[in-house]
Amino acid sequence: MANNQSVRRHLDAFTRGRIIGKRLHGGGLFARRPVLCVPLTPAHRRRRSLWCREHQNWRDNEWGRVLFTDESRFSLSSDSHRILIWRERGSRNHPSNIIERDRYGGRGVLVWGGIMLGNRTDLHIFDAGSVNGTRYCNEILLPYVRLFRGAMGLQFLFMDDNAPCHRTVAAEQLLESEDIERMDWPAQSPDLNPIEHVWDFLGRRLAARNLPPVTIREL
């Protein structure tokens, strides 16, 4: 009898859920993932808008010389991006449907990578510990970025963001000594970097594993 009551409760809940879903659909609301963005000040918005206007007419030959790079952290307790909100069609970027998120916590692994049209770097996995300017020079700029600069010549354009470890005096001096041109990049603009699609794809593959990693080594 107890088992039958439990089954009926589950069926009732399932039925109610379907009815609620149909009514929401009938009212023009659909379950979608919210847009994630970093907090932006008015100054950030102005600088981002200016950058976009400056580059809106670039063609493939200009974008094709840019190596887009970034770090990303994958956490054992990472958000699988399966949070859903109910919203109307065409309202994806409405402020009420956007979640601001600046940092991700939890034990995890920090990686670095670079992509460009027709090419990419290897995926670099950082050992434990914070990444400072010295590590950035020794582990990223010298073995990876300098290699691409040597292969492409003066047309090469290097993109990295404004993270503190990227903008140290040591990093600036190394880029200058290797004659590597750095692309001007607006602050708080990870969404402008196409490598974010790579991180999103990698995160989805990780979240879809039947047996998710439970230790840092497995991750």
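Six helices and ten strands make up the secondary structure of the chain. Here helices (H or I, at least four residues) and strands (E, at least two) are DSSP runs, numbered from the N terminus. This is a predicted model: local features need pLDDT of at least 70, side-chain atom pairs count only at pLDDT 80 or more, and totals for chains, interfaces and linings use all residues. Residues are numbered from 1 along each chain as its sequence is written, and side-chain values use heavy atoms, with hydrogens and water left out.

The chain has 219 residues, and 30% of them count as buried (under 20% relative accessible area, with a 1.4 Å probe and protein chains only).

Now go inside. A nonpolar core is a set of buried Ala, Val, Leu, Ile, Met, Phe, Trp, Tyr and Cys residues joined through side-chain atoms within 4.5 Å. The largest one holds 20 residues. Among those touching the most other members are Trp 112, Tyr 136 and Val 145. Two or more residues each come from β6 (108-116), α4 (133-152) and α5 (169-177). The biggest share, seven residues, comes from α4. A second, separate core has seven residues, including Trp 51 and Met 183.

Next, find Thr 121, in the loop between β7 (119-120) and β8 (124-125). Is Thr 121 buried or exposed? Thr 121 is buried, with a relative accessible area of 6%. Beyond its neighbours within four places in sequence, Thr 121 is in contact (heavy atoms within 4.5 Å) with residues including Leu 67, Trp 112 and Phe 148. A polar atom of its side chain lies 2.9 Å from the backbone nitrogen of Gly 114.

Definitions and conventions. Buried means under 20% relative accessible area, exposed over 50%, partly exposed in between (1.4 Å probe, protein chains only). A polar contact is a pair of N or O atoms within 3.5 Å; within protein, one must be able to donate a hydrogen and the other to accept it, and residues adjacent in sequence count only if both atoms are side-chain atoms.
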